[in-house]
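Take a look at the model below.

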Amino acid sequence: MKDHDPRQTWKPVVGYLAIVALIMLLSNIFIFPTILKTDREISYSDLMEKLDNQGGEEKITAVSLNEDNRTLRMLAENVKTGEKQIYTANIWPGDDLLLEKLRAYEGAEISVEIPTQTSPLLAFLLSWFLPIIMFIVLGNILLPRIMKGAGGQNVLSLGKANAKIYIESETGKTFADVAGQDEAKEALTEIVSFLHDTGRYKDIGAKLPKGALLVGPPGTGKTLLAKAVAGEAKVPFFSISGSEFVEMFVGMGAAKVRDLFKQAAEKAPCIVFIDEIDTIGKKRDTAGLPGGNDEREQTLNQLLAEMDGFDGTKGVVILAATNRPEILDPALLRPGRFDRRIPVELPDLRGREAILRVHAKDVRMQGDIDLNAIARATSGASGAELANIINEAALRAVREGHDAVRQEDLMESVETVIAGYQRKGAVISEREKKVIAYHEIGHALVAARQKNAAPVTKITIIPRTSGALGYTMQVEEDEKVLLTREEAMIQLTTLTGGRSAEEIVFGSVTSGASNDIEKATRLARAMITRFGMSKHFDMVALETVNGQYLGGDTSLACSPETSALIDQEVNETIREAHEKALAILKDNREKLDELAQFLLERETITGEEFMAILNRPISLPKAEPIQLGEGQ
Ligand code: ADP
Ligand code: MG
Ligand code: ZN
């Protein structure tokens with residue numbers, strides 16, 4: 001988004017106005033007087049003088065009196081230059097002296113109609129319309145060029161474009177296109193039925209909320225839901241995105257909002273959808289930097305005014321979407337405005353499967369596809385990501401020459417979308433590969449040897465472009481909403497398993513565990529500062545989460561002393577996990593070697609293969625006598 005300083009944007013406009021003013025001034029001095037020769041009023045004495053001065057340079061060729069003999073008009077021609085001029089003068093009706101003079105005046109016809117030199121209409125057009133037309137023409141030719149330098153828009157199209165209002169008379173989407181958002185859909189069905197039958201609500205006198213706010217992380221289907229509401233109710237869908245207001249001149253956003261609501265009122269019943277409302281609906285700061293936020297505030301104020309202004313029974317329903325509800329101005333959320341909040345959360349296991357199914361309908365799939373497995377492997381994925389997984393799988397199927405999408409295509413695209421493309425041909429030394437294999441088996445083994453840990457489904461040492469050198473995929477059997485302290489500790493122990501294996505086998509450590517360290521720290525910190533799983537602190541919120549839908553950066557809410565104590569406990573917690581992981585691996589040293597060897601050979605192994613090796617008796621001779629960390 002470009003950020004214009006309003007003063008900068010107006011500079012060229014001022015320049016443009018100066019040019020136009022100059023042109024008009026010059027034309028008034030040099031052009032118009034010759035085209036538009038108007039009557040010149042002279043005094044009685046001047047009139048007398050001109051009549052007396054017959055032999056002078058002006059020759060009077062015609063004279064006329066108006067009906068009541070009060071005004072005299074006279075056409076004079078300059079003898080030398082041939083220039084013509086009409087003079088008018090006020091006279092008395094019974095001025096015999098003047099009549100005498102006129103009669104005596106040779107060559108002049110009295111009472112001849114002297115035509116106006118320029119028709120009044122033409123004069124009017126020339127003096128009023130020409131400048132305006134010039135103004136516009138010049139504006140359209142010059143301004144875009146001037147403004148281009150300033151990166152602005154065409155001022156003369158002020159009333160027109162800029163923030164586009166998109167109107168769809170048929171969105172073509174229905175609730176069937178939205179999967180896994182049952183609660184949101186239920187909350188929206190009332191709006192649908194209201195739009196469907198406005199009359200019934202009006203009869204009873206029921207007023208529906210004017211606005212509903214769809215709140216949730218990106219890609220969860222908020223826009224899709226809004227469209228589906230319009231589609232279900234078969235009403236027009238007006239949409240505008242908050243971010244489009246940002247680049248406009250002061251006052252334009254407000255004008256656009258007015259425009260939007262006017263159009264919507266004409267088309268009622270209909271849906272007005274304001275996407276990314278947080279960009280205009282941010283809290284207004286009373287301190288107010290001068291100039292900076294004017295535009296946004298004006299737009300927001302206009303929006304509030306329009307929402308208050310329109311008749312709730314007309315059938316205009318305003319939907320808005322945001323992923324940052326906490327930054328919205330409270331005025332937006334007051335009754336009569338967006339007082340209904342509809343959460344649109346990330347899909348759960350069932351939701352994910354349903355979303356996959358919706359999108360799988362559009363591609364040809366093999367009969368034995370297990371979408372449930374895909375759903376289980378994509379915990380935390382949004383609807384948009386799931387749609388992308390299906391598409392990536394279809395692309396892969398084409399690349400691989402399959403005539404329908406296979407399970408392997410889907411599994412592969414899960415990783416493509418979630419972990420980045422496979423980096424084929426990246427060179428890794430044998431020794432590094434061995435370290436990575438032990439590291440990943442370390443994770444997997446620690447997970448498998450703890451009760452209630454999520455089962456391992458896949459281990460690979462094929463690097464990803466995301467930077468991960470290896471990857472151990474664990475999939476929870478069921479969706480979990482609550483995390484117990486034990487489960488958190490299991491996760492921590494599993495996270496430290498990779499590094500622990502490196503320590504045990506190679507006696508040294510590598511940088512390969514940086515991601516694990518980051519994750520472990522975050523989890524341990526959250527346990528202590530937010531989940532109340534600390535040994536030292538009771539149920540005290542030591543950190544608050546900002547932007548809960550955007551990854552959530554946290555801010556500390558405690559004293560420096562407490563903060564030091566937190567750091568200490570985070571360290572202790574991770575150490576506890578680390579030691580447990582080391583103990584598990586030491587107890588399972590033979591299995592660690594055996595599995596690492598197997599992974600080194602295969603590069604990628606499945607959860608079943610992993611479990612099969614893990615569960616077979618140790619006494620079995622090894623497949624290959626390559627010894628790792630043990631004497632020959
Ligand atoms: P948001 O507005 O919440 O960021 P969108 O509505 O733009 O998300 O979703 C982007 C795309 O992701 C949709 O067009 C659709 O293809 C897919 N999608 C997201 N959520 C769902 C869902 N619940 N069911 C089906 N498809 C979905
Ligand atoms: Mg959207
Ligand atoms: Zn790791």
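Predicted model: local features only at pLDDT ≥ 70, side-chain atom pairs only at ≥ 80, totals over all residues.

Start with helix α8, residues 222-233. Its twelve residues should span 16 Å at 1.5 Å a residue, and the end C-alpha atoms are 17 Å apart, so the two values agree.

Which residues of α8 are buried? They are Lys222, Leu225, Ala226, Ala228, Val229, Ala230, Gly231 and Ala233. Their cover includes one helix, α6 (182-196). It also includes the strands β7 (211-215), β8 (237-241), β9 (270-275) and β10 (316-322).

Now turn to ligand 1. Around it are 15 residues. Ala179, Gly219, Lys222, Thr223 and His359 come nearest. Lys222 is also among the buried residues of α8.

Helices α12 (349-360) and α14 (383-399), like α8, each supply at least two.

Backbone atoms also face the ligand's oxygen atoms. A backbone N or O atom of Gly221 lies 3.0 Å from an oxygen atom of ligand 1. For a polar backbone atom of Thr220, the distance to a ligand oxygen is 3.2 Å. For one of Ala384, the distance is 3.5 Å. Taken alone, ligand 1 exposes 560 Å², and the protein buries 78% of that.

Definitions and conventions: Residues numbered from 1 in each chain as written. Chains lettered and ligands numbered in written order. Heavy atoms only, no water. Helix = DSSP H or I, 4+ residues; strand = E, 2+ residues; numbered from the N terminus. Expected span 1.5 Å × (residues − 1). Buried < 20%, exposed > 50% of the residue type's maximum accessible area, 1.4 Å probe, protein only. Contact = heavy atoms within 4.5 Å. Near = heavy atom within 4 Å. Polar contact = N/O pair within 3.5 Å; in protein donor to acceptor, adjacent residues only side chain to side chain. Areas by Shrake-Rupley, 256 points an atom, 1.4 Å probe, with all protein chains shown as cover.
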